[in-house]
Amino acid sequence: MPRTLAALVIALVLVAPLFPFAAAAQTPATSLEKMAAAIGASDVRSIEIAGNGTIFAIGQNATPTTPWPRFNLKSFTRSVNYETASLRDDLVRTQALDPPRGGSQQPIRGEQRQIFAVSGDHAWNVVGEVNNPVPVALAERQIQIWITPHGLVKAAMARKATVRGRTITFDEPGRYRVKASVDVHNLPAMVEAVVPHPVLGDVAVEVHYLDYKEFGGVKFPTKIRQSAGGFPILDLAVTDVRPNGAVDIQVPDNVRSTPEPYVRVTAQMVADGVWFLSGGTHNSALIEMKDHLILVESPINDQRALAVLAEVKNLVPNKPIRYLVNSHHHFDHAGGVRAAAGEGITVITHEINRAFLERAISARASIQPDHLAKSGRTAKVEGVRDRRVLTDGTRTVEIRHIAGNLHHDGLIMVYLPKEKMIIEADAFTPPPPNAPPPAVANPFSVNLAENLKTQSLDVEQVLPLHGRIVPVAELHRAIGH
Ligand SMILES: [Zn+2]
């Protein structure tokens with residue numbers, strides 16, 4: 001008996017390191033003070049980092065189950081001012097996938113510079129001389145400030161984080177939840193944040209910090225790996241870090257004076273019972289049937305979707321919206337699907353997107369409950385393969401697959417045979433009026449023209465879900481036909 005007991009004790013000692021709680025008991029617990037001292041958090045008011053690597057475009061994959069499309073990240077600088085809660089990313093990316101697969105302005109010709117900024121509760125993109133407000137990106141940019149190694153420690157202290165062993169947790173109600181683990185040197189090793197997302201509800205953003213080195217008196221990781229929604233979004237080799245430089249990120253006047261750019265909806269009747277709903281970066285279309293309505297596309301987010309739904313009610317007060325046609329699952333086009341589901345509207349999409357949108361509709365939105373979460377409703381998602389015809393005896397609406405399009409495997413368009421119109425997203429975005437045709441034809445547009453031909457569609461006008469209505473001749477001109 002004593003021998004058995006001794007064996008048991010030895011066995012327990014041997015297996016103890018396999019259990020995390022036992023391992024934590026051996027390594028002294030961290031504390032916010034130890035973390036702040038290790039990384040120099042209280043002395044760091046701003047930080048600028050430079051590097052290169054690989055970047056991915058979240059929500060722009062060619063099918064809902066493949067990873068986010070990848071781009072070469074030739075240069076990347078991130079500037080953060082913790083005192084003003086501001087961040088600015090300035091990057092140069094190039095096309096990595098050949099042939100192009102997915103969205104995010106593929107195919108990129110040569111180098112493309114992108115500037116993304118956030119300060120306080122304003123988020124914007126800088127394109128040349130123009131500052132475009134992008135409130136839809138606010139949550140994902142704000143969290144980037146507070147999951148940097150120094151930002152993490154600052155936020156943990158400000159929000160009185162709970163420390164258990166080497167794990168810290170804290171949250172900011174309505175904005176994020178954070179759980180982080182700390183290495184034996186009390187430096188942040190892994191951070192998992194949960195933030196609100198228009199398509200995914202609560203979305204997890206995970207970052208791993210590796211190979212810390214000393215830069216100008218502060219420690220900073222030289223490898224950063226991030227994922228979001230289950231796939232990589234950034235793989236960065238850090239080459240330079242500068243603490244406490246002058247980082248002055250000011251909200252541009254036009255961004256400050258346009259806090260809600262998504263609420264403006266302009267309705268234009270383009271045929272009897274057909275409206276084009278524009279006013280921002282993404283359009284929708286409305287089709288009136290005998291006793292119901294069909295909405296084509298509910299993009300961006302709750303705010304845009306609710307503004308579009310309100311305009312629909314205004315245009316046709318006495319008929320319910322029975323269907324929402326979703327062109328494809330890309331997050332900028334599917335950002336208002338949850339809001340439509342909150343109205344009980346049946347969603348029609350390509351079969352490839354069906355399971356994804358079903359999951360999106362049933363996802364929890366606990367950080368910032370949206371229209372769907374508050375409604376307590378749900379909605380059906382119906383999949384289309386090649387073609388589905390909706391008719392009420394007088395009007396025919398054809399939903400058709402844009403087959404073989406490298407932008408997205410499950411891209412659908414709406415064809416109105418009587419009106420000789422198509423409504424499409426991302427296969428063809430008309431250039432500004434009188435712009436010369438591109439030197440190299442966009443392969444997605446070439447594919448759309450092929451589909452119009454092979455499917456024998458009689459089209460006079462294109463209602464694009466980005467940009468202005470154009471005669472179909474503009475599509476042919478853009479591809480050099
Ligand atoms: Zn797209």
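These questions and answers cover a pocket and the cavities of a predicted model.

Student: Which element gives the largest share of the lining of the second largest pocket?
Tutor: The second largest pocket holds about 710 Å³ of space. Elements that give two or more residues to its lining are S5 (122–127), H4 (138–146), S10 (188–197), H7 (302–315) and H11 (371–375). The largest share is 4 residues, and it comes from H4.

Student: How many charged residues are in the lining of the second largest pocket?
Tutor: The lining has 31 residues, and Pro-135, Val-136, Leu-138, Asn-301 and Gln-368 lie nearest the centre. By class, 13 are nonpolar and 11 are polar. The charged residues number 7.

Student: How many nonpolar residues are in the lining of the largest cavity?
Tutor: This cavity has a volume of about 100 Å³. It is lined by 15 residues, with Ile-49, Arg-78, Thr-148, Tyr-209 and Ile-224 nearest its centre. Strands S1 (46–56), S2 (70–81), S12 (218–228) and S13 (231–243) each give two or more of the lining residues. The lining has 3 polar residues, 1 charged and, for the class asked about, 11 nonpolar.

Student: Which strand supplies the largest share of the lining of the second largest cavity?
Tutor: The volume here is about 30 Å³. Strands S23 (412–416) and S24 (421–424) each supply at least two lining residues. The largest share is 3 residues, from S23.

Student: Which charged residue lines the second largest cavity?
Tutor: The lining divides into 8 nonpolar, 1 polar and 1 charged. Asp, Glu, Lys and Arg count as charged. Among the lining residues, that points to Glu-424.

Conventions
Residues are numbered from 1 along each chain as its sequence is written. This is a predicted model: local features need pLDDT of at least 70, side-chain atom pairs count only at pLDDT 80 or more; totals for chains, interfaces and linings use all residues. Side-chain values use heavy atoms; hydrogens and water are left out. On a 1 Å grid over the protein atoms alone, a cavity is a set of points where a 1.4 Å probe fits but cannot get out, and a pocket is an open set with protein on both sides within 12 Å along at least five of seven lines; lining residues have an atom within 4 Å of a point. Grid points are joined across faces, edges and corners, and a volume is the space filled by probe spheres set on the points.
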